Amino acid sequence: MSEAYFRVESGALGSEENFLSLDDILMSHEKLPVRMETAMPRLGAFFLERSGGAETDNAVPQGSKLELPLWLAKGLFDNKRRILSVELPKIYQEGWRTVFSADANVVDLHKIGPHFYGFGSQLLHFDSPENADISQSLLQTFIGRFRRIMDSSQNAYNEDTSALVARLDEMERGLFQTGQKGLNDFQCWEKGQASQITVSTLVQNYKKRKFTDMED
Amino acid sequence: MLRKGGQSRSGASSPGQGSVLLSGTAAALARALGASANGNPQEDGLRQVLEEMKALYEQNQSDVNEAKSGGRSDLIPTIKFRHCSLLRNRRCTVAYLYDRLLRIRALRWEYGSILPNALRFHMSAEEMEWFNNYKKSLATYMRSLGGREGLDITQDMKPPKSLYIERQGLTVSTGMNLTIIAVISNSWAEAIHLSLVRCLKDYGEFEVDDGTSVLLKKNSQHFLPRWKCEQLIRQGVLEHILS
């Protein structure tokens with residue numbers, strides 16, 4: 001149970017992502033709708049349908065509506081909106097916010113954006129007038145769902161949990177896993193196995209891998 | 001998560017095939033690690049990312065010159081775009097390599113200081129060198145602990161439950177079972193050099209080896225290391241209880 005590998009945690013729920021966190025890198029790869037406030041010369045190759053062609057120096061014209069990954073939108077954004085302005089993705093707008101406030105538990109957060117909370121938190125960087133409502137919505141949604149996650153993670157012992165985690169976003173899945181680990185550690189301790197030296201999972205996985213390599 | 005060109009649901013455009021970066025090779029590296037451990041270092045993927053970084057950098061250099069001397073200040077957003085891409089590529093590459101190092105470090109603790117060939121096969125030469133340096137640092141540190149012989153802190157990762165004591169082929173553990181031992185046979189306790197004593201008068205606090213202290217009140221009973229209470233027994237403060 002004493003694992004020696006500790007991955008870099010996500011910082012997305014706080015003010016800034018963690019530079020080295022793989023989870024944050026994957027989260028910031030997701031896209032959001034933006035509007036170009038100025039023409040971008042010579043980048044037409046990236047956005048072929050929108051390119052102005054050779055006369056405009058192969059530019060992406062001003063006013064183009066694009067979907068850019070979060071990392072790019074963050075990098076090009078400034079509070080004067082000289083290069084681009086950002087539109088809120090639908091799931092963070094008022095319509096969906098009402099759905100969440102009605103019943104947060106029924107929503108499949110994995111389908112509508114696997115990094116719902118992390119992405120939503122980082123969205124606050126874009127100074128939308130709806131920021132206060134967005135953050136309230138994120139918080140209340142989590143509060144509404146948390147009870148069920150905690151319950152199920154603490155009571156599913158040695159079962160197939162795929163149905164329980166199917167509709168959870170990535171952050172909630174991490175929480176569920178933590179709960180499961182706590183439960184398993186406790187059960188192990190109760191059985192008196194806590195002081196038992198176990199094979200490290202790293203070694204176990206390596207052995208499993210070796211076996212499948214041999215099968216090829 | 002990856003959309004390569006074409007229309008998305010909202011009708012806005014997505015980045016086309018033109019960019020390795022935007023289509024997510026760098027992120028694919030990161031994702032590969034998110035999923036599983038101990039693959040080969042993705043040298044092709046890394047090379048692609050580094051090549052793209054070189055191209056982006058050169059394009060930016062040329063555009064910066066043109067913006068400054070040719071008065072093309074409209075190129076500035078483009079330069080910024082490429083700069084963001086460079087930073088992103090760097091981040092993905094560094095995070096990927098760093099995660100591999102974390103796993104390699106964990107190998108020292110979970111596997112030991114000699115890695116099997118099959119594992120070494122998955123490491124680049126630089127990573128192997130890093131592992132050897134880490135091993136050396138750890139060994140130096142361990143030698144500096146615990147007196148002359150040093151202390152191997154990679155052993156006993158779970159605290160041992162008990163101190164085992166041999167007595168005629170039987171193992172007896174201290175701690176909780178001590179009271180049982182006393183009931184069964186006092187002579188066993190003697191073998192562990194503990195004596196059952198009863199206090200004959202109020203003595204007050206009495207400090208035992210590891211810094212904890214025991215309150216000696218009249219008629220209270222204690223297990224104490226024998227050599228410590230011998231004097232008190234001789235002084236009549238304690239009474240040694242024999243079965």
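I count two strands as paired if DSSP finds at least two bridges between them, and I take strands (E, at least two residues) and helices (H or I, at least four residues) as DSSP runs numbered from the N terminus. I am working with a predicted model, in which local features need pLDDT of at least 70 and side-chain atom pairs count only at pLDDT 80 or more, while totals for chains, interfaces and linings use all residues. Residues are numbered from 1 along each chain as its sequence is written, chains are lettered from A and ligands numbered from 1 in the order in which they are written, and side-chain values use heavy atoms, with hydrogens and water left out.

Entry on the sheet. In chain A I found an open sheet of three strands, ordered β2-β1-β3 with antiparallel pairing. Because β2 (65–69) and β3 (84–86) of chain A stand at the edges with a single partner strand each, one side of each has no neighbour in the sheet. Between β1 (residues 31–36) and β3 of chain A I noted three bridges, and A:M36 has A:L84 in β3(A) as its bridge partner.

For accessibility I call a residue buried under 20% relative accessible area, exposed over 50% and partly exposed in between (1.4 Å probe, protein chains only). A:R42 is partly exposed at 25%, whereas B:D63 is buried at 2%.
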